[in-house]
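Subject: Model handover

Hello,

Please find the structure below. My notes follow it.

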Amino acid sequence: MKKAILSGNEAIARGFWEGGGHFANAYPGTPSTEILESMVQYPEIRAQWAVNEKTSLEIALGASFAGARSLVAMKHVGLNVAADPFFSASYIGATGGLLVVTCDDPGMHSSQNEQDNRWYALHAKVPMFEPTDSHEAKELTRQALSLSEKFDTPWLIRSTTRISHSLSIVELGEREEVEIKGYEPDFEKRNLLPVNARKRHEVVEERTLKLREFAENFWGNRIEEGDPSIGIVANGISYQHAKEVFPEATFLKLLMTWPLPDELIREFASKVKKIFVVEEGDPYLETYLRAMNLGVEIIGKEKIPMTGELNPTIVREALTGEKPSYFEIPKIPHRPPALCPGCPHTPVFYILKRLKANVTGDIGCYTLGALPPLSAMDTCVEMGGSVGNAYGIEIAEAMRGLDPRKKKLVAVIGDSTFYHSGVTPLIDLFYNNGITTVIILDNSITAMTGHQENPGSGVTLKGVPGRRVDLEKLVRGIGVEHVYTVDSFDMKTLKEVINREIHRNEPSVIIAKRPCVLLPQMKKRKYTYAIADPEKCTSCTLCWKLGCPAISVTKDKKTWINPDLCVGCEVCIDVCPVDAIYLADPNADNARKAGEEVLGWVKKQEQ
Amino acid sequence: MGKETRTVIVAGVGGQGILLASNLLSEAAMEAGYDVKKSEIHGMSQRGGDVISTVRFGEKVYSPIVGLAGADVILAFEKLEAMRNLPYLKKDGTVIVNDYRIDPLPVASGYMDYPEGIIEYLRERVKTISLDARQLAEKAGNIKTMNVVMLGVLSKSLDIPEEIWLRVIERRVPKKAIEANKVAFRLGREVAENAEL
């Protein structure tokens, strides 16, 4: 048997391939992104980036209509965006196997909440698998494809950060070739007019009964006999933590967690003296078990934390009271992530801070502009939220009888986030006579999640040219008249334009444009660096406020620039009022010149 | 082959080659016949934040991570990160620390001070092997081999044959860097051989 060490995400992609998967698409989102990236290696799969989670599910559903085995992957909050088609897809069912993969993020390593997406399965009546390691992630994905067709339902695969981003050994199998059947209309099944939907709801309820029966005998739900004094019910990664702490206990291991196997649960309860429910997040299993009146003591969330991630130490302490003996350390400086040296977002936030603007923010690298010393973003809610949030503040301020322009309202949103869900609130603002200024930070890539191509970059997931969306034309197409594309590194112009537009009594959009400094065509070059002259430096602190990781303060409070980190973007040179900073080699390549070349390349593509 | 699961936390700063190092360790352990699990956090940490990767191997590994006092070894590519992860080390564990400093933003922008005497702090509490991996990587002919120098040090205390390590390195690093990485690995291993614990 061929073995490999795969991450949960790679294993899901592998399982989809082995199971005869045809089409996969997704919007990138940590911790789900690598599922689609990993699909690229399989030529039989058509894999592509979607503009958002809703469109990705709609497209996958359409592919399923035509008989293609399809998959969408998203982070937990992505399923909120895709919830509308998700609920409808449950009624419609799956002609070609249809998998929805949700990767939740307990501990919020890279997310704005820690919602528990298991409730979506229950809520939409869609069966759900939860792997506990990479091998199971592969197997469950593979098997869910044919099960989805057999039961005529989309199938939810729920992962978490520690499943998606943990690597374990996987036994590899071969691909099963499945033919794409082709599209045949089925009006009563797929057109959810009330007259059809009423019948479909009945179908869903009948299907649920069949799925319950299936869950009872499914290989992934089983009792692992052991010490009868402790019975542990666990799902996903929590199973592994619990198994580590209580290897001798009796376990009810559940890989299918909706619908749940009632008879199996009762059998398990009859074998043990008390039940520990070990689950991260909400009391999803616990609530179900308690409602079953099993006649056995159940211990769950009164001991197991509701917030954050679990690990074996936390599970042990919660259930045995055993406290770990560990080294306590004094308070040390934290190491927050920061905008990169040469990041084109830095000057924009620097200017917004100097203008004392009120900034609503959004999701992306640029959310880091909220952290000190830039501290130039008040809010960050969800994908695309910035535009509507700023406009709402404008409305409330105007309703107080005040001129909202005095608030200097600015919504800041990245290019990829704007395509995702920033376009519709801008239409709203335009249509309802709003005047809020929107700044689109256009670095022509989806940077935060690791540089995925997007509609503005003109390249697809498989690396072939796609059509490019022209951001400025898109905004002008809505009807916004005041649209200005400004070089993010041209701080003088940028400051003038922002200051002018936040005082304008009409809506305006400023596109601050510069390629991400980590783009491959930027990163592979060798750059000169900047030097700060300690004799000239007056310790005025202005360049420190850029929050550039290459700039630090010496013991005698002078600027020092780390030549290993600096890429010579010249932004600190522009900021310095006494010309104390200069390039080591003014004739050599630097990030500013390179960015202009790449921008030139982009402009050429536009023509 | 030891039955007990061994846990190594590889810690450092984004961009230091932590994930490649933990990949090499995982593959070497798998090739030596162990069950292996590895866990790491992507996302925000890519932007210069702290990064940790946990590798666990043994006859049968359940959880891919550990909590407080759960690791046998902390392999730190930067010294402040060694200190940060000390609570996750077993009291009788070992720290292998690169005596190398990267200022985090609060230090760089003058809000906080970088702690003095980290290596001494560690030595007073726990078995500590400290080295200048950057210098050894330079000696090996490629500054980017710092992570493999660190693996060389680690390798001495793990039950994985040297030839497996070298095989995995050959397979996983870019062709033109294979020799430098092999030298780097041996330089690291020498450090561990000469270390007095």
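A:Val571 touches A:Thr346, A:Pro347, A:Phe489 and A:Leu546, leaving aside residues up to four places away in sequence; two residues are in contact if their C-beta atoms, placed from the backbone, lie within 7 Å. This is a predicted model, in which local features need pLDDT of at least 70 and side-chain atom pairs count only at pLDDT 80 or more, while totals for chains, interfaces and linings use all residues. Residues are numbered from 1 along each chain as its sequence is written, and chains are lettered from A and ligands numbered from 1 in the order in which they are written.

A:Val571 belongs to helix 21 (residues 571-575) of chain A. Helices (H or I, at least four residues) and strands (E, at least two) are DSSP runs, numbered from the N terminus. With 26 other C-beta atoms within 10 Å, A:Val571 is buried; the term means 20 or more such atoms within 10 Å of the residue's own C-beta, against 12 or fewer for exposed and partly exposed in between, with C-beta atoms placed from the backbone. A:Met491 is 80 residues from A:Val571 in sequence and 8.2 Å from it in space, C-alpha to C-alpha.

**Domains**

Chain A is divided into domain 1 (3-217), domain 2 (221-320), domain 3 (345-521) and domain 4 (526-588); the bounds come from an automatic or database domain assignment. Between the centres of domain 1 and domain 4 of chain A, taken over C-alpha atoms, there are 50 Å.

**Two sheets in chain A**

One open sheet has 6 strands in the order 16-15-17-18-20-19, with parallel pairing. Two strands pair if DSSP finds at least two bridges between them. Strand 16 (379-380) and strand 19 (482-487) of chain A stand at the edges with a single partner strand each, so one side of each has no neighbour in the sheet. Strand 18 (residues 437-442) and strand 20 (residues 508-513) of chain A pair in the parallel sense over 6 bridges, and A:Val438 has A:Val509 in strand 20 as its bridge partner. Helix 15 (residues 345-354) of chain A packs on this sheet, touching strand 15 (358-361), strand 17 (409-414), strand 18 and strand 20, and its direction makes about 155 degrees with that of strand 18. Such angles run from 0 to 180 degrees between N-to-C directions, the axes being lines fitted to C-alpha atoms, for helices over the stretch in contact. Helix 18 (residues 471-478) of chain A also packs on the sheet, touching strand 18, strand 19 and strand 20, at about 165 degrees to strand 19.

The other open sheet has 7 strands in the order 3-2-4-5-7-6-12 of chain A, and its pairing is mixed. Its edges are strand 3 (46-49) and strand 12 (256-258) of chain A, each with a single partner strand. Strand 2 and strand 4 of chain A run parallel and are joined by 4 bridges; in strand 4, A:Ala73 stands opposite A:Ala26.

**Contact with chain B**

How many residues of chain A are in contact with chain B? There are 43, in contact with 48 residues of chain B. Strand 8 (166-171), helix 11 (236-245), helix 14 (312-320) and strand 22 (551-553) of chain A each give two or more residues to that side. Strand 8 of chain A and strand 2 (residues 35-40) of chain B run antiparallel, joined by 3 bridges, with A:Ser168 opposite B:Lys37.

Regards
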